[in-house]
Amino acid sequence: MRILISNDDGYLAPGLQALADALAAIAEVVVVAPDSNRSGASNSLSLDRPLSLHKAANGFYYVNGTPTDCVHVALTGLLQERPDLVVSGINNGPNMGDDTLYSGTVAAATEGYLFGIPAIAFSQAEYGWANLDAAARVAREIVERRFDDLQQPYLLNVNIPAIPYEQLRGTVATRLGRRHSAEPVIRALDPRGREIFWIGPVGVVRESGPGTDFHAVSQGQVSITPLQIDLTHHSELDALAKGLA
């Protein structure tokens with residue numbers, strides 16, 4: 001099995017190393033990750049400048065671009081053989097609900113999916129890398145499942161509670177929950193006295209009932225959500241067609 005691994009926290013992130021180590025025991029892995037933290041990059045591609053690819057002392061490749069850039073460069077310019085799976089993470093913090101739209105972790109997996117390759121995004125549900133060994137163990141177990149019954153290719157978003165492995169309460173299939181709108185931007189002044197804005201904290205959870213990723217993680221369960229990319233609002237097509245007639 002050949003696995004391409006990427007992330008959005010950068011090639012020096014502990015979560016990336018833990019994931020690569022865990023999967024190297026069961027597969028041939030290649031790591032291509034951003035040169036620095038690119039959290040929140042979503043599915044952006046760098047079209048305004050060339051990209052550089054370098055190899056670090058630990059064997060990881062790194063790119064001066066986004067997570068999507070990394071997977072794109074790997075699949076179309078670096079790898080001689082097509083991987084069987086694209087894996088992203090382990091992210092430092094959750095990617096649940098609406099946050100998946102902004103997530104660079106999910107975006108890296110999505111790029112693999114768009115190339116027709118099964119893909120999985122892994123995130124820890126809290127910041128700080130606590131119990132990272134447990135998250136890496138869970139990631140390996142999920143990769144080993146193969147998911148042959150799912151429509152191919154598949155795109156999965158996994159969130160793992162940051163607790164010891166023995167305290168995890170199983171793995172469940174979930175849907176995405178919802179958040180309220182983000183908090184207002186934070187105003188400040190730069191050293192020259194000019195006004196600047198920091199993006200504010202995420203909003204509070206709005207929909208977190210049973211069946212959602214938020215609920216599963218709060219119960220100590222590993223959440224797996226199957227994602228799709230079709231943004232078409234199919235139920236509105238007929239109404240729109242009537243309005244255009």
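How exposed is Glu 141, by its relative accessible area? Glu 141 has a relative accessible area of 32% and is therefore partly exposed, where buried means under 20% relative accessible area, exposed over 50% and partly exposed in between, with a 1.4 Å probe and protein chains only. The structure described here is a predicted model, in which local features need pLDDT of at least 70 and side-chain atom pairs count only at pLDDT 80 or more, whereas totals for chains, interfaces and linings use all residues. Residues are numbered from 1 along each chain as its sequence is written, and side-chain values rest on heavy atoms, with hydrogens and water left out.

The chain contains six helices and 13 strands, these being DSSP runs numbered from the N terminus (helices H or I, at least four residues; strands E, at least two). Its radius of gyration is 19 Å, close to the 18 Å that the globule rule gives for 245 residues, so the chain is as compact as a globular protein of that length; the radius is taken over C-alpha atoms, and the rule is 2.2 Å times the number of residues to the power 0.38. Along the principal axes, the C-alpha atoms fill a box of roughly 55 × 50 × 45 Å, and 45% of the 245 residues are buried.

Pockets were computed on a 1 Å grid over the protein atoms alone, a pocket being an open set of points with protein on both sides within 12 Å along at least five of seven lines, in contrast to a cavity, where a 1.4 Å probe fits but cannot get out; lining residues have an atom within 4 Å of a point. Grid points are joined across faces, edges and corners, and a volume is the space filled by probe spheres set on the points. The largest pocket has a volume of about 660 Å³ and is lined by 27 residues, with Gly 40, Asp 99, Tyr 102, Tyr 127 and Val 202 nearest its centre. Its lining comprises eight nonpolar, 13 polar and six charged residues, where Ala, Val, Leu, Ile, Met, Phe, Trp, Tyr, Cys and Pro count as nonpolar, Asp, Glu, Lys and Arg as charged, and the others, Gly among them, as polar.

The second largest pocket has a volume of about 470 Å³, and of the 19 residues that line this pocket, Thr 100, Leu 101, Leu 176, Gln 228 and Leu 231 are the closest to its centre. The lining of the second largest pocket divides into ten nonpolar, six polar and three charged residues, and helix H3 (residues 104–114) gives the most to that lining, with four residues.

Side chains of opposite charge can pair when their charged atoms come close. Eight salt bridges are present in the structure, each defined by a side-chain nitrogen of Lys or Arg within 4 Å of a carboxyl oxygen of Asp or Glu. In helix H4 (residues 132–145), Arg 137 and Glu 141 lie four residues apart, about one turn of the helix, and their side chains meet in a salt bridge with an N to O distance of 3.6 Å. Arg 137 is partly exposed at 44% relative accessibility. Arg 140 and Glu 144 also form a salt bridge (3.6 Å, N to O), and these two residues, being four apart in helix H4, are separated by about one helical turn. Both partners are partly exposed, Arg 140 at 32% relative accessibility and Glu 144 with a relative accessible area of 40%. A further salt bridge links Arg 38 to Asp 35, with the closest N and O atoms 3.2 Å apart; the relative accessible area is 23% for Arg 38 and 30% for Asp 35.

Several backbone features were also identified. In the loop between H4 and strand S7 (155–160), which holds Pro 153, a cis peptide bond joins Gln 152 and Pro 153, with omega about -10 degrees. Arg 146, placed in the loop between H4 and S7, has a positive phi near 75 degrees although the residue is not glycine, and Arg 146 is partly exposed at 45% relative accessibility. Phe 147 lies in the loop between H4 and S7 and takes a positive phi near 55 degrees. A cis peptide bond with omega about -10 degrees joins Gly 89 and Ile 90, of which Ile 90 is placed in strand S5 (residues 85–91).
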